[in-house]
Amino acid sequence: MIGFSVNGKRVDLEVDPSTPLLWVIREQLGLTGTKYGCGVAQCGACTVHINGEAVRSCVAPVSRAAGTSVTTIEGLSPDLSHPLQRAWLEEDVPQCGYCQSGQLMSAAVLLREKPAPSDEDIDEAMTGNICRCGTYPRIRKAIHRAAEMVAKGGAR
Amino acid sequence: MTQIENVSRRKFLQGAFGAGAFVLAVRHARFIPSILAQGAPLDWQSEADRAAFHPNLFVGIQPDGTVYIIAHRSEMGTVIRTSLPLVLADELDADWKRVKIDQGIGDKRYGDQNTDGSQSVRRFFTTMRECGATARLMLLQAAAARWNVPAAECSTELHVVVHKASGRRLAYGDLAADASHLPVPKKEDLQLKKPADWRYIGKGAKSVDLENLCTGKAVFGMDARMEGMVYASIEHPPVFGGKVKTVDDQETLKVAGVRQTVSIDPFKPPAAFQPLGGVAVIADNTWAAFQGRKKLKITWDNGPNETYDSAEYKKELRETSHKPGKVIRSVGDSDKTFPTENVVEADYYVPLLAHTPMEPLVALAEFKDGKVTAWAPTQNPQAVQAIVSSQLGIAKEDVVCHVTFLGGGFGRKSKPDYVAEAAVLSKKLGRPVKVVWKREDDVQFDYYNAVAAMYMKAAVDEKGKPTAWLQRSVFPPISSIFDVTQVYGDPPHLAQGWTDLPYDLPSIRIENGPAQAHVRIGWLRSVANIYHGFAVQCFTDELAHRAHRDPVEYQLDLIGPPRTLDFTGVTYPNYGADYKTYPWETGRLRGVIESVAEKSGWAKKKNGKGHGFGFAAHRSFLTYVATVVEVEISDDGTIRIPRVDTAVDAGIVVNPEALRAQFEGAAVFGTSIVRTGEITAKNGIIQQSNFNDYPVARIHEAPAHTNVYITESSAPPAGVGEPGVPPFVAAFCNAIFAATGKRVRDLPLSSNGNFD
């Protein structure tokens, strides 16, 4: 039995501890916002937070989550109120959208650590997240915009 | 690992935490009057079908005023689920805030649904307008009857019919029941709005799916679930056309969660959209299926393609490109001996390219009582119906294909082999099956964009202008997947930036040589325009530099004065569009060239060491595009693209912001092609497998800023999704030359240049 919290809810699961967290989240917990893209930590579509750190859940065994607090895209905000989600809407970031959960989860850690990120900071933090549709210029703009929202207050 | 499922009365499940975006219920067909209806309805009803007032297949209005509009094309990021319904809503004078979009299933009564070829808007612009206008006219007639006034005295405002003389108003919802009893008007009686009266067309709207895409709620194929489903992962024959000789699954069956293995028959040539065959591992969850595959011991009969070596093949293509080929188009005295003085020659090469949409291929299907229900991220649900029906021996009408969101498509998801796999397995197992391809499967078993060799030759005068031009391309054709004897380029793909060379020169000869396919060849975003545009636009740049002339001025000189290209006696399919409606007008190409030159400040650009600007222009999918790319290359070879400027004439543009997004994305897609896009094969086996060895552009490699300039136009709408790629690829390579003096003739840079 492995126990951890997911988006604030406690879960205890009978599961092979070597199973990647990604598949537990998606198929056992039914939280399908976290995506499978490569299975080898190359694309970032599976990014979630474990105790606030961005983790590629496709290569993280579920045992790593034991006793931790896991946040998925469904838990980023209950109501699209996260400044990044608001900025993503304002900049029309998504095209197909498949990678965007991972993009948002990576960006959330960046923004927490660097409230006013430079373009170089964004490159460094987001380089592990592939977007095949090519929404990168909008991702960049949206991160800057979210940073401004936070700086001006009124956003978390 | 045990599968925990939330079993509800709904057949299609979301997980315990998820929110449902789709509802599948048992629906009963009824007669639906339609200006488009052909063929029997399937056992399924859309929200529009079920509305109180449903004058045609695409729209329904409920008494509460809710307007349902069908999106019959697939959403893979082009915002088509918004843009086409927006056209209907415009003619209906509907309040967009009260419109709900319902995704259509695969159904030939909708007309073409292959969301491919950048043709959704142009093919259905008029249809959507007519569907909206039909509903509007009937609502207006219903109001007139209620008020007992002539319909001519009534008009519509946002979601209401108005009788100005008496000041009376009736909301659309209040008229839905009355309107449903009226006869559907004839097409000739419809009055379409004047462009000046358009509410939404040209202004656009945000994607209706934006919020679901930013919260993880959007349901992609990967997220579809059915009660009682099992998961399958398939070990395909490593060489195209190979077969299973022996299987030992003893170790596989010991993996926790694995239920069994199932063999899938090899395809009968031609491959088309049939499953490739192989061995499927059936499991309680995806991970167990993946793990089980690792333990399979299979011996293969690889068949004749095991001698395929892409390095050798490249040499063969090049040799063929140096021999006379089939003449596709000839202008002037091109059949005479080519001049021998002042001749410039160059060879260009583009390798096989994979699609790698972010969502690997996946499909869910249930065979039950002789019928199939599928949920799939497909660009072409009618092709799903066709292949599933032929594989299972059932009628097409007995295949209900629901279209989920697509995590990217780029042409790969127009080929439904993966959906056929799910249906075949479900029939064998008697329960719903979800087939999940690993990324490695996606890379190794693609329908690749054709590898191509282009030979270019020009004889030039004292000003460097060609007096004779020869271009010859050689590539295995897409038609080879439908007919194994096909080795020459098929006319629709030769027409992509090759047959239609727009230059005004005294002698032009356009040829194509034969090439045998050894893998599945398919269309990928921009298709043959990628390699044709690359060769023509880079060779033109070479000639300009050789003549010490400005590349923009030089190209305008070659294009000559504005005219309509004359293809009399030439096979020119023009992207399936009527040539009178969509003629090839060089004036429009000149227009975007002049626009991008002005907007980018081309005349003031200075190329220097490690810093340069490249230019290219290309018409594809009926849209005219010119692009300027800026590159910076550091001493260690690192390439940056600070800025891209691109000017677009796509005729009437429904959703300008969506167009900008597509051209931004096209620049990134093109960046991947130029930098690292290459699939190779040894002993018939594809050597790449994932993003580590088939890299695509990441944020720091992508263009930092892409400026898109849209030409105001009243010409009919043209393509938007694909036309940005070809001129970007060529302009990027031309910029590298401007910055380094090094010509890029073989793609990608990672294999052929000193760049990383």
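Author: A salt bridge here is a side-chain nitrogen of Lys or Arg within 4 Å of a carboxyl oxygen of Asp or Glu. The structure, a predicted model, holds 55 salt bridges over all chains. Local features need pLDDT of at least 70 and side-chain atom pairs count only at pLDDT 80 or more, while totals for chains, interfaces and linings use all residues; side-chain values use heavy atoms, leaving out hydrogens and water. Residues are numbered from 1 along each chain as its sequence is written, with chains lettered from A and ligands numbered from 1 in the order in which they are written.

Reader: Is Lys187(B) buried or exposed?

Author: Buried means under 20% relative accessible area, exposed over 50%, and partly exposed in between (1.4 Å probe, protein chains only). Lys187(B) is exposed, at 55%, whereas Glu130(B) counts as buried at 12%.

Reader: Which strands hold Glu511(B) and Arg472(B)?

Author: The two side chains meet in a salt bridge of 2.7 Å, N to O. Glu511(B) is in strand E21 (residues 508-513) and Arg472(B) in strand E20 (residues 466-474) of chain B, so this pair ties together parts 39 residues apart in sequence. Glu511(B) is buried at 3%, and Arg472(B) is buried at 6%.

Reader: How is chain B divided?

Author: Domain bounds come from an automatic or database domain assignment. Chain B has domain 1 (9-215), domain 2 (221-303 + 361-436) and domain 3 (310-353 + 447-751). The centres of domain 2 and domain 3 of chain B, taken over C-alpha atoms, are separated by 36 Å.

Reader: What is the area buried between domain 2 and domain 3 of chain B?

Author: The size of an interface is often given as the accessible area lost when the parts come together. Buried area is what two parts lose in this way, with a 1.4 Å probe, summed over both. For domain 2 and domain 3 of chain B the value is about 1300 Å², and carbon and sulfur atoms give 64% of it. Phe240(B), Phe410(B) and Lys415(B) supply 40% of the area that domain 2 buries against domain 3, more than any other three residues. In contacts (heavy atoms within 4.5 Å), 16 residues of domain 2 of chain B meet 16 residues of domain 3 of chain B.

Reader: How many salt bridges cross the interface of domain 2 and domain 3 of chain B?

Author: The rule finds one. Asp417(B) forms a salt bridge with Arg520(B), at 3.0 Å between the closest N and O atoms. Asp417(B) also meets Arg412(B) in a salt bridge of 3.1 Å. Arg412(B) is buried at 0% relative accessibility, and Asp417(B) is buried at 0%.

Reader: What does chain A share with chain B?

Author: 54 residues of chain A are in contact with 64 residues of chain B. The two chains bury about 5100 Å² between them, 59% of it on carbon and sulfur atoms. There are five salt bridges between chain A and chain B. Asp223(B) pairs with Arg26(A) in a salt bridge of 3.0 Å. A network of salt bridges links Arg138(A), Glu657(B), Arg660(B) and Glu664(B).

Reader: Which residues of H2(A) are buried?

Author: An α-helix has 3.6 residues a turn, so residues three or four places apart point the same way. H2(A) is mostly covered, with six of its eight residues buried. These are Pro83(A), Leu84(A), Gln85(A), Ala87(A), Trp88(A) and Leu89(A). The buried residues pack against H3 and H5 of chain A together with helix H5 (210-213) of chain B. Asp92(A), with a positive phi near 50°, follows H2(A).

Reader: Where does Asp93(B), with phi near 60°, lie?

Author: The phi of Asp93(B) is positive in a residue other than glycine. Asp93(B) is in the loop between helix H2 (80-92) and strand E4 (99-103) of chain B, and is buried at 6%. Asp369(B) has a positive phi as well, near 50°. Asp369(B) lies in the loop between strand E15 (362-368) and strand E16 (371-376) of chain B and is exposed, at 73%.

How values were computed. Helix = DSSP H or I, 4+ residues; strand = E, 2+ residues; numbered from the N terminus.
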